[in-house]
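Please consult the sequence and the structure shown here.

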Amino acid sequence: MNSDLEISALAINVTIPQELRWTDTRRDQTFTLTTLNVRLLPDGSLAAKAYGRPVEGGRGAYVSFPVPDRPELAALVSKAAGRAGTLWATHRGLG
């Protein structure tokens, strides 16, 4: 492996299980958060943002929300990152 290879982003999208979803409001519009975008940062730590759809329906804006500091959400992020690492480690190349 070439250790000089620069990786600028490593991210996964994770569906939030129904029982862990929450709502948040932005610009007078309430969203149900259904997806996490988890990024592996250069220092090895993780960052996560939540995305979802307006409760009233429609597409709405693509707006990120902070992930609440809840142990079950932290566990979901950690489990998803571990699973993604396994999948990346066993990739079979292009095609």
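Strands β1 and β3 run antiparallel and are joined by five bridges; strands are DSSP runs (E, at least two residues; helices are H or I, at least four), numbered from the N terminus, and two strands pair if DSSP finds at least two bridges between them. The model is predicted: local features need pLDDT of at least 70, side-chain atom pairs count only at pLDDT 80 or more, and totals for chains, interfaces and linings use all residues. Residues are numbered from 1 along each chain as its sequence is written, and side-chain values use heavy atoms, with hydrogens and water left out.

**Strand pairing**
- A11 has R39 as its bridge partner in β3.
- β2 and β3 pair in the antiparallel sense over five bridges, and R26 stands opposite Q29 in β3.
- Nine bridges link β3 to β4 (residues 46–54), also in the antiparallel sense; N37 stands opposite K49 in β4.

**Turns**
- The hairpin of β2 and β3 has two residues between its strands.
- R27, in the loop between β2 (22–26) and β3 (29–40), has a positive phi of about 50° although it is not a glycine.
- D28 is in the loop between β2 and β3 and has a positive phi near 65°.
- Most residues other than glycine have a negative phi.
- In the hairpin of β3 and β4, with five residues between the strands, G44 takes a positive phi near 95°.

**Exposure**
- R27 is exposed, with a relative accessible area of 71%, and D28 is exposed at 80% (buried means under 20%, exposed over 50%, partly exposed in between; 1.4 Å probe, protein chains only).
- I7, in the segment before β1 (11–15), is exposed at 59%.
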